[in-house]
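Good morning, colleagues. May I ask you to look at the structure on the screen while I describe some of its contacts.

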Amino acid sequence: MKSLNLFLYICLVRYKAINLILKKFKKFNISIILDMEDSAQDLFDKNNNENLKRISREGLKYLSDNNILKNTMTYVRINSQNTDFYEKDVETISEILKKKSTIKGIFLPKVETYSQVKNCYDQILTKNINNFSIVPMIETQKGLKNLNEILEADRDYKIIQYVHYGHYDFCLDSGFWPFPEPYHFEYWEIIDNISKNISKHKKQYIHTPFPLIETQNIYWSSINFMQDNLEIGEINLSLVNIDTNYMKKPEKIKQTKFKNISKDHHYKLVFAKKIIKEYLNNKSKNKSFSLSRKRFIPPHLYLGAENFLKKNK
């Protein structure tokens, strides 16, 4: 059986509670991704974004200054290079690294060229840091198209250890509706394509966050499918708001039966309206994500549903 590694996304907006989260997951030996991007945004009040991003940067400084990240494998997802927040994120992390922080690398969103990776690395790197890496996030069609070129360019520099697939951004960029889910053939076709390219260049693939709630069997059957069918070494999973009950593998796992995404137009309309309703009904004030009874709903899924409804009035 291939080894299983877990990366847990943690929102920085409520950073003083992170110490409790780390204690909760400590026995599971999970790497963490402190999120300054998706979880620190407001879809309905763009003026609030500046405040949320500022709080996230302050939170990162607080965690570092108080040694809360000590003995924790820590990565930080910053904002993409086409935003107004990128330079401030880079400046903050560079200052923290000079204090010999335990941050191991940066998750860089929406990577489409190797120059993005190299420029970020050169901006953040200090002479006192060893084994620091950039994790390119493949979240657009262009990024996927250029993935081989990106990884080939890293042959001499060796900045990249992992490549992370961002499913929700990729689906939004591609104009999909509905977004493929772990029980769809289309979902695994995308991931098979990406993971093959990554494996070919001897890099490690990090899987997109698992989106479904109260579906422990689908979660573990997905892991089994990855172990048996994808051309990857270790299994690297990213998690968002996952229950610790998922950490223990059940004795019996029934392999999920995959199906194609429905092409029924009426179903797509109904599902889009359902996602929007569930997102709005379950969204908390300080989080961009929403949790319904069945699923994790990121802002991308809400926007995908909204875009579909606008085009089909």
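This is a predicted model: local features need pLDDT of at least 70, side-chain atom pairs count only at pLDDT 80 or more; totals for chains, interfaces and linings use all residues.

Beyond its neighbours within four places in sequence, Thr-256 is in contact with Tyr-183, Asn-217, Ile-218 and Ser-221. With Ser-221, the side chain of Thr-256 makes a polar contact of 2.6 Å. Thr-256 belongs to the loop between β8 and α10. Is Thr-256 buried or exposed? Its relative accessibility is 14%, so Thr-256 counts as buried, the limit being under 20%.

Let us turn to charged side chains. The whole structure contains 14 salt bridges. One of them joins Asp-35 and Arg-77, at 2.8 Å from N to O. Why does this pair tie together parts that are apart in sequence? Asp-35 lies in strand β2 and Arg-77 in strand β3, so the bridge connects parts separated by 42 residues in sequence. Arg-77 also meets Asp-38 in a salt bridge of 3.6 Å. Asp-38 sits in the loop between β2 and α2, 39 residues from Arg-77. Arg-77 and Asp-38 are both buried: the relative accessible area is 6% for Arg-77 and 6% for Asp-38. A network of salt bridges links Asp-35, Asp-38 and Arg-77 with Glu-37, Lys-110 and Asp-169.

Finally, the nonpolar residues. In soluble globular proteins, nonpolar side chains tend to be buried together. Here, the largest nonpolar core has 72 residues, and Ile-78 is among those with the most contacts inside it. Apart from that core lies another, of 29 residues, including Phe-7 and Leu-301. The contacts of Ile-78 include Met-36, Tyr-86, Ile-106 and Cys-120.

Thank you for your attention.

Notes: Residues are numbered from 1 along each chain as its sequence is written. Side-chain values use heavy atoms; hydrogens and water are left out. A nonpolar core is a set of buried Ala, Val, Leu, Ile, Met, Phe, Trp, Tyr and Cys residues joined through side-chain atoms within 4.5 Å. Buried means under 20% relative accessible area, exposed over 50%, partly exposed in between (1.4 Å probe, protein chains only). Contact means heavy atoms within 4.5 Å. Helices (H or I, at least four residues) and strands (E, at least two) are DSSP runs, numbered from the N terminus. A polar contact is a pair of N or O atoms within 3.5 Å; within protein, one must be able to donate a hydrogen and the other to accept it, and residues adjacent in sequence count only if both atoms are side-chain atoms. A salt bridge is a side-chain nitrogen of Lys or Arg within 4 Å of a carboxyl oxygen of Asp or Glu.
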